[in-house]
Amino acid sequence: MTRDVVTVAPDSTVGDVATRIAESDEHSGFPVCERRRVDGFISARDLLLADDDDPIFKVMATDLLVAHPDMKVTDAARVILRSGIQKLPVVDDAGNLVGIISNADVIRSQIERATPEKVGKLMRTLEQIHDINLEQERRTVPIAALTPTQGRVYADELEGRRYELEHGLAEPLVVIDNNGTLLLADGHHRVLAADRLDIDEMDAYVIVIDQVVDLGMANTAKKENLERIDDIEVVDYARHPLVQTTKRLQSKR
């Protein structure tokens, strides 16, 4: 996130803020803060029909999404990309602005996080931890035989994976065949979307373990009572525990 955030005060005038936006190459809007507490957000669109002498607090958006500093960047990316907003203020427990993350920041973070291939990395990790040699296969796996290792998926991303499946764009799953037990390592959204489309089997990269190995992800699945795809919870990103609206923040004052 960007920590040095440019803000405007609630009593700034529309004319002043419009001038600042027009003269800036980087800003199309600003968080509206009383000291460091976030009261709203003002964008160029909000200014279009307002009078130059109007105070910003009369025309700013007040019901906006804000993120918590502890939120994962992938979840912040989900909020930004699925909501269509350009900037997500980052607010601490006291309601103070500590930074802002933009759609450009999200794209940059995803590029920086890119790895050559998930399967090879996972194989090497398992081989080092358990001192074994593994093989990789490409095969079709039945959805009903998969044991999930992730307890929740997000409703918005589920719709995206459904679209990909309907248009033939979905990536293969990543599955660990632990001597006959098929653990789903990557692709929980794709699997649940496929199940809703009555798809019985999917293409997968399969890491084959010839002897039973005590895997951490298998133990996690057992602790969370994950036995089949129906055990996965679908949650709405807007109810993510670290996403709030400024209205809810203001009610705590």
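Is D131 buried or exposed? D131 counts as exposed, at 70% relative accessibility, where buried means under 20% relative accessible area, exposed over 50%, and partly exposed in between, with a 1.4 Å probe and protein chains only. The structure is a predicted model, in which local features need pLDDT of at least 70 and side-chain atom pairs count only at pLDDT 80 or more, while totals for chains, interfaces and linings use all residues. Residues are numbered from 1 along each chain as its sequence is written, and side-chain values use heavy atoms, with hydrogens and water left out.

D131 is found in the loop between α5 and β6 (135–142); helices (H or I, at least four residues) and strands (E, at least two) are DSSP runs numbered from the N terminus. The phi of D131 is near 55°, a positive value in a residue other than glycine. Most residues other than glycine have a negative phi. N179 likewise has a positive phi, near 55°, and is not a glycine. This residue, N179, is placed in the loop between β9 (173–178) and β10 (181–186), and N179 is partly exposed, with a relative accessible area of 43%.

Helix α5 (residues 118–130) contains R124, which is partly exposed at a relative accessible area of 45%. The C-alpha atoms of R124 and L134 are separated by 8.5 Å, with the two residues 10 apart along the chain. Helix α7 (residues 188–196) is mostly covered, 7 of its 9 residues being buried. The buried residues of α7 are H188, H189, R190, V191, L192, A193 and A194. In α3, the buried residues are D75, A76, A77, R78, V79 and I80.

The structure holds 7 salt bridges, a salt bridge being a side-chain nitrogen of Lys or Arg within 4 Å of a carboxyl oxygen of Asp or Glu. Side chains of opposite charge can pair when their charged atoms come close. An α-helix has 3.6 residues a turn, so residues three or four places apart point the same way. D75 is buried, with a relative accessible area of 9%, and R78 also counts as buried, at 13% relative accessibility.

A second salt bridge connects the side chains of E137 and R139, at 2.5 Å from N to O. E137 counts as partly exposed at 31% relative accessibility, and R139 as partly exposed at 26%. E137, R139 and D177 are linked in a network of salt bridges. Another salt bridge is formed by E233 and R152, with 3.9 Å between the closest N and O atoms. This pair links distant parts of the chain, with E233 in strand β12 (residues 233–235) and R152 in strand β8 (residues 152–154), 81 residues apart. E233 is partly exposed, at a relative accessible area of 41%, and R152 is partly exposed at 39%.

Contacts between charges and rings were also examined. A charge sits over a ring if NZ of Lys or CZ of Arg is within 6 Å of the ring centre and within 35 degrees of the ring normal. R20 lies over the face of F30, at 5.0 Å from the ring centre. The charged end of R138 sits over the ring of Y205, at 4.6 Å from its centre.

The second largest pocket has a volume of about 460 Å³. On a 1 Å grid over the protein atoms alone, a pocket is an open set of points with protein on both sides within 12 Å along at least five of seven lines, and lining residues have an atom within 4 Å of a point. Of the 16 residues that line the second largest pocket, F41, S43, D46, I85 and Q86 are the closest to its centre. At least two lining residues are supplied by each of β2 (37–43), α2 (44–47) and β4 (87–91), and the largest share, 3 residues, comes from α2.

Notes: 1 Å grid on protein atoms, 1.4 Å probe; cavity = no way out; pocket = protein on both sides within 12 Å on 5 of 7 lines; lining within 4 Å. Points joined across faces, edges and corners; volume = space filled by probe spheres on them.
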